[in-house]
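Here are my notes on this one, point by point. Have the structure open while you read.

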Amino acid sequence: QVGSDKFDQSARPVAPSNFPSAAVTKWNSVASLVLAMMLASLLVCPAVLLSAGASETHYGQGNHARAAITEIPQDSGSNASVMASEAIASEVVERSSAHLRGSSAKLQLSDPDAGVQDERRLVATELKPCAQKEDCLLLVDAFLSRQPRQQGPGKSLLQAYDSPPQGGGGPCGSLCYLKPRCVSDQCRYYIYDNAVAAIYFAHRGKLSEAKVILDSLKPLLYPKPGNVQLLYSGYAENGDVLDWSIDTGNNAWVGMAFVHYSVASGDACYRHIARDILNSLADQAGCNDELQGFMGRLPRGEGKYRATEHNIDMFALSRMLGAKELQGRAATFVSRMYGFSDHIPEAYATGTAGKVICDTSQDEGSPVAADTQFWNLLSDADPDADRKRTSLNSVLRPASAGGLLADDTDIIGDRAHLTGVRFTTEGSGAQWENTASAVMGIGFYDSVYRAQGDISSHRASMQDSLLHQLAEYGAVLASVRGGNYEAYTQGNSDPAFPGGSDTGLGWSYLRYPHLAATAWTGLMLLEANPFAP
């Protein structure tokens with residue numbers, strides 16, 4: 001995400017016996033299946049003529065941009081299965097819609113520009129998260145099933161955002177107007193968002209839907225048979241490239257999605273594609289200095305920095321594929337990013353500067369990124385317990401104290417008081433994709449190390465905030481803050497509508513239903529760790 005935008009395994013702690021079975025027994029079988037599939041590495045896949053480790057120097061990729069959760073009761077009287085019928089999904093959506101209609105009626109203002117000031121003074125409403133785990137999952141399913149796709153033969157990537165919910169960006173005139181279908185002039189279809197969605201589908205048992213996404217990426221990965229070409233960050237509805245950045249993390253996520261699908265389906269060909277992606281990334285982005293790791297953007301020399309988040313992604317993909325040397329290089333970099341920046345010694349630095357290829361210097365003034373902290377917890381890239389504890393205690397402080405915790409009130413919707421995490425320590429407002437991964441990362445940490453103090457309560461508050469949005473909107477928003485991008489760039493004089501949640505990196509997330517945030521929330525519900533081997 002940042003830039004577009006973890007050693008001794010014997011020392012790793014063992015999860016306690018009460019760690020959720022979905023996060024332990026599931027991955028024991030996954031690891032066994034991956035090992036078995038490695039024995040078939042010489043098979044030729046009929047869908048594409050795969051390279052045997054070599055990669056053409058073509059560039060095109062991008063990066064856009066866990067597991068235990070507080071228990072959600074199962075509905076003992078429900079017969080809904082993982083492969084629930086559309087009728088059941090429709091019923092859940094209708095219940096959510098009825099709740100939405102009732103709550104949104106609270107914000108019918110005859111004089112929006114004046115009345116909203118009075119509305120803000122009303123007491124925030126109580127959170128009403130979806131009550132049953134399967135009901136919540138059906139809402140995720142329904143959102144993904146209705147999300148627009150690309151048009152044209154073989155083009156079926158999911159759109160990154162949906163139409164804004166009722167109330168749009170708020171009642172502040174032109175600075176609150178949100179485009180009715182897409183955030184910008186053209187709808188974008190990001191490979192990172194689609195990779196997260198494909199991983200969700202694989203764990204949800206919806207293999208055909210995961211396959212549709214991955215099969216849409218195959219022709220982009222192999223424009224010429226036998227040579228993998230890394231992916232650009234974002235594409236248009238007709239398949240044209242819209243975001244020409246080529247980021248390591250995005251492509252690593254695509255590789256992870258191919259592995260998850262391969263494990264779930266038993267189709268070894270998809271694992272071969274993941275290995276081609278990994279080998280190409282390693283060839284083009286690798287660094288051999290004392291920090292090791294991989295650069296964040298390609299072609300080589302285009303982005304000379306190394307991002308901690310991208311190396312977490314490379315660590316996970318390498319571990320999934322049994323590439324121990326590459327895994328170790330990524331882990332070394334992540335570990336050495338702890339305390340790397342002088343002004344944030346208690347957390348993992350976002351990465352290095354980018355003045356020269358494989359830059360080893362500090363990126364002075366770079367903020368602390370949420371994914372760098374929470375994805376490390378979830379991936380176990382740096383298994384050092386003391387570092388994890390210090391990092392977590394540092395970021396789970398209020399924004400006013402320099403931490404990442406953010407409290408937002410959905411004043412355009414039902415005025416619910418929500419708790420999430422900021423994108424970075426220089427950002428403002430909760431970003432809900434990172435919040436879902438934070439819930440998972442904290443849950444995994446808590447299950448292994450027994451978190452102390454308020455950590456568990458923070459996790460519960462964030463989880464409820466995500467599930468409240470599912471019940472309220474049938475999706476998780478990128479931000480609940482009002483205003484549009486013009487309001488963000490101009491600095492709206494009305495602080496209630498600042499132009500979404502500021503990342504602190506020069507762009508913001510607006511009040512749209514968000515594919516990545518909703519899919520991450522689905523993974524949270526399934527307790528499906530996308531970084532697990």
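1. First, the term for the cysteine pairs: a disulfide here is a pair of cysteine sulfur atoms within 2.5 Å. Cys 287 and Cys 358 are joined by one, S to S 2.0 Å. The torsion about their S-S bond is about -85 degrees, so this disulfide is left-handed. Cys 287 sits in the loop between helix 8 (268-285) and strand 5 (297-298), and Cys 358 in the loop between helix 10 (324-336) and helix 11, so the pair ties together parts that are 71 residues apart in sequence. Helices (H or I, at least four residues) and strands (E, at least two) are DSSP runs, numbered from the N terminus.

2. On provenance: this is a predicted model, where local features need pLDDT of at least 70 and side-chain atom pairs count only at pLDDT 80 or more, while totals for chains, interfaces and linings use all residues. Residues are numbered from 1 along each chain as its sequence is written, and side-chain values use heavy atoms, with hydrogens and water left out.

3. How many disulfides does the structure hold? There are four. Among them, Cys 130 and Cys 136 have sulfur atoms 2.0 Å apart, and with a torsion of about 120 degrees that disulfide is right-handed. Cys 172 and Cys 176 are also joined, S to S 1.8 Å; their torsion is about 105 degrees, so this disulfide is right-handed.

4. Now burial: buried means under 20% relative accessible area, exposed over 50%, partly exposed in between (1.4 Å probe, protein chains only). Cys 287 and Cys 358 are both buried. Cys 136 counts as buried at 0% relative accessibility, and Cys 130 does at 10%.

5. Helix 4 (residues 133-146) has twelve of its 14 residues buried, so it is largely enclosed by the rest of the structure. Cys 136 is one of those buried residues.

6. Helix 11 (residues 370-379) is mostly covered, with ten of its ten residues buried. Asp 380 follows helix 11 and has a positive phi, near 65 degrees. Phe 374, one of the buried residues of helix 11, is also among those with the most contacts inside the largest nonpolar core, which has 117 residues. (A nonpolar core is a set of buried Ala, Val, Leu, Ile, Met, Phe, Trp, Tyr and Cys residues joined through side-chain atoms within 4.5 Å.) Helix 13 (residues 432-449) gives the largest share of this core, ten residues.
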